[in-house]
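Let's take a walk through this structure together. Keep the viewer open and follow along as we go.

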2 protein chains.
Amino acid sequence: MKTAVDKKLLAERMASFPELCLRAGIRVTHQRTEVYREVAATLEHPDADSIYRRVRRRIPQISLDTVYRTLGLFGEKGIISRVSYPGDRARFDGNTGQHHHFICTKCGLIRDFRSDALDAVRPRLKNVPCGRITSVQIELRGLCRRCARA
Amino acid sequence: MKTAVDKKLLAERMASFPELCLRAGIRVTHQRTEVYREVAATLEHPDADSIYRRVRRRIPQISLDTVYRTLGLFGEKGIISRVSYPGDRARFDGNTGQHHHFICTKCGLIRDFRSDALDAVRPRLKNVPCGRITSVQIELRGLCRRCARA
DNA sequence: TTATGTGCAAATCCTTTGCAAGGCG
DNA sequence: CGCCTTGCAAAGGATTTGCACATAA
């Protein structure tokens, strides 16, 4: 299964990183750049510890708490998004565009997907008895192909 | 805002509890009955500690870990459902039927809702490139009426 | 009676925080 | 240079676990 982001997309994301920081009013540091790179480079929705381990390959002396602080900050500023599922730790996603999630209930795999059919649901939500709606996200749960086979 | 489940619905849920345990292959105990009652009685999606505090009014000597174990077990067996949102602890919901969630991004309020329009989306998901889909859940994020006013 | 469930206490895991030193703008 | 960031170490909070006793079936 494909786990790495397309090389060109990654390059674009990395190129826009200083701009993202500027708009967010935060400084560009070596640590932040590498944390962003790891989140932006994978389709796997890694947790904080995985990111820590991967970033250490480039910055051996980085500390786990810096990774946590950085991820929390990025999440707050909308530079990445934060995802969480019952019984699981927080996970992070470099894809901040409109998308939905498929979650395998057996192995925990999370996969982004887009769907025009699903996006079309949005206008139908006028009659839902809530306040002001800012986002619509659909979660599909089930078994991924690999787990379905087993 | 309404926070308690309709009396009649609660009575039905309590009446079906022994049956639910039987099907799940677990024993009916005083503690489990009261933990279930608290989750089944509220629309508020309480966390483990709230449930602990409420159940203690009926069983003062119950321990927090029993509440955790019970909630975890109920979640596994599908007797209640477990919900979680980024940066928040686990929360529990006595409504196991098909429904969706509205989440207030400011105050954390979670509200169940049903929607035929949303349910209609389900058949359109054939072409989503995932494995076998067992549930479709839609999450609306935004501001609840109270927060929108402020 | 016998497998299950409970309470207690301690452990574990994830995450956050205070503070002094370092580095970006 | 001044404020923002980092690393370290320690704290914090939620949740889980081992074990002996209690209890539902």
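What follows is a tour from the DNA to the strands, the aromatic rings and a few histidines. Please keep in mind that this is a predicted model.

Let's begin at DNA strand D. It is surrounded by 19 residues, and the closest of them are A:Thr29, A:Arg32, A:Asp65, A:Thr66 and B:Tyr68. Of the atoms of DNA strand D that come within 4 Å of the protein, 64% belong to sugar and phosphate. Backbone atoms of the protein take part here. A backbone N or O atom of A:Arg27 sits 2.9 Å from a phosphate oxygen of DNA strand D. With 4 residues, α4(B) gives the most. By residue class, the surface near DNA strand D is made up of 8 charged, 6 nonpolar and 5 polar residues.

Now turn to the strands. Strand β5 (residues 132–143) of chain A and strand β5 (residues 132–143) of chain B run antiparallel and are joined by 11 bridges. To find your place along this pairing, look for A:Glu139, which stands opposite B:Gln137 in β5(B). Within chain B, β5(B) also pairs with strand β3 (residues 100–104), this time in the parallel sense and over 4 bridges. There, B:Cys104 stands opposite B:Gly142 in β5(B).

Next come the aromatic rings. Over all chains, the whole structure holds 6 aromatic pairs. One of them is formed by A:Tyr36 and A:Phe74, an edge-to-face pair with 6.2 Å from centre to centre and 80° between the planes. This pair links distant parts of the chain, with A:Tyr36 in helix α2 of chain A and A:Phe74 in helix α4 of chain A, 38 residues apart. Both A:Tyr36 and A:Phe74 are buried. In chain B, the ring centres of B:Tyr36 and B:Phe74 are 6.2 Å apart and the planes meet at 80°, so this pair is edge-to-face. B:Tyr36 counts as buried because its relative accessibility is 3%, and B:Phe74 counts as buried because its value is 0%. Back in chain A, ring pairs join A:Phe17, A:Tyr36 and A:Phe74 into a cluster.

Which residue has a positive phi although it is not a glycine? Look at B:His45, where phi is about 55°. Most residues other than glycine have a negative phi. B:His45 lies in the loop between α2 (30–41) and α3 (48–56) of chain B, and it counts as buried because its relative accessibility is 3%. A:His45 also has a positive phi, near 55°, in the loop between α2 and α3 (48–56) of chain A. A:His45 is buried, with a relative accessible area of 3%.

Our last stop is A:His99, in the loop between β2 (91–93) and β3 (100–104) of chain A. A:His99 counts as buried because its relative accessibility is 8%. Its side chain makes a polar contact with the side chain of A:Asp112, at 3.4 Å. Leaving aside residues up to four places away in sequence, A:His99 touches A:Asp93, A:Asp112, A:Phe113, A:Arg114 and A:Gln137.

Notes
Residues are numbered from 1 along each chain as its sequence is written. Chains are lettered from A and ligands numbered from 1 in the order in which they are written. This is a predicted model: local features need pLDDT of at least 70, side-chain atom pairs count only at pLDDT 80 or more; totals for chains, interfaces and linings use all residues. Side-chain values use heavy atoms; hydrogens and water are left out. Helices (H or I, at least four residues) and strands (E, at least two) are DSSP runs, numbered from the N terminus. Buried means under 20% relative accessible area, exposed over 50%, partly exposed in between (1.4 Å probe, protein chains only). A polar contact is a pair of N or O atoms within 3.5 Å; within protein, one must be able to donate a hydrogen and the other to accept it, and residues adjacent in sequence count only if both atoms are side-chain atoms. Contact means heavy atoms within 4.5 Å. A residue is near a molecule or strand if one of its heavy atoms lies within 4 Å of it. Ala, Val, Leu, Ile, Met, Phe, Trp, Tyr, Cys and Pro count as nonpolar, Asp, Glu, Lys and Arg as charged, and the others, Gly among them, as polar. Two strands pair if DSSP finds at least two bridges between them. Rings of Phe, Tyr and Trp (its six-membered ring) pair if their centres lie within 6.5 Å; planes under 30 degrees apart count as stacked, over 60 as edge-to-face and the rest as tilted.
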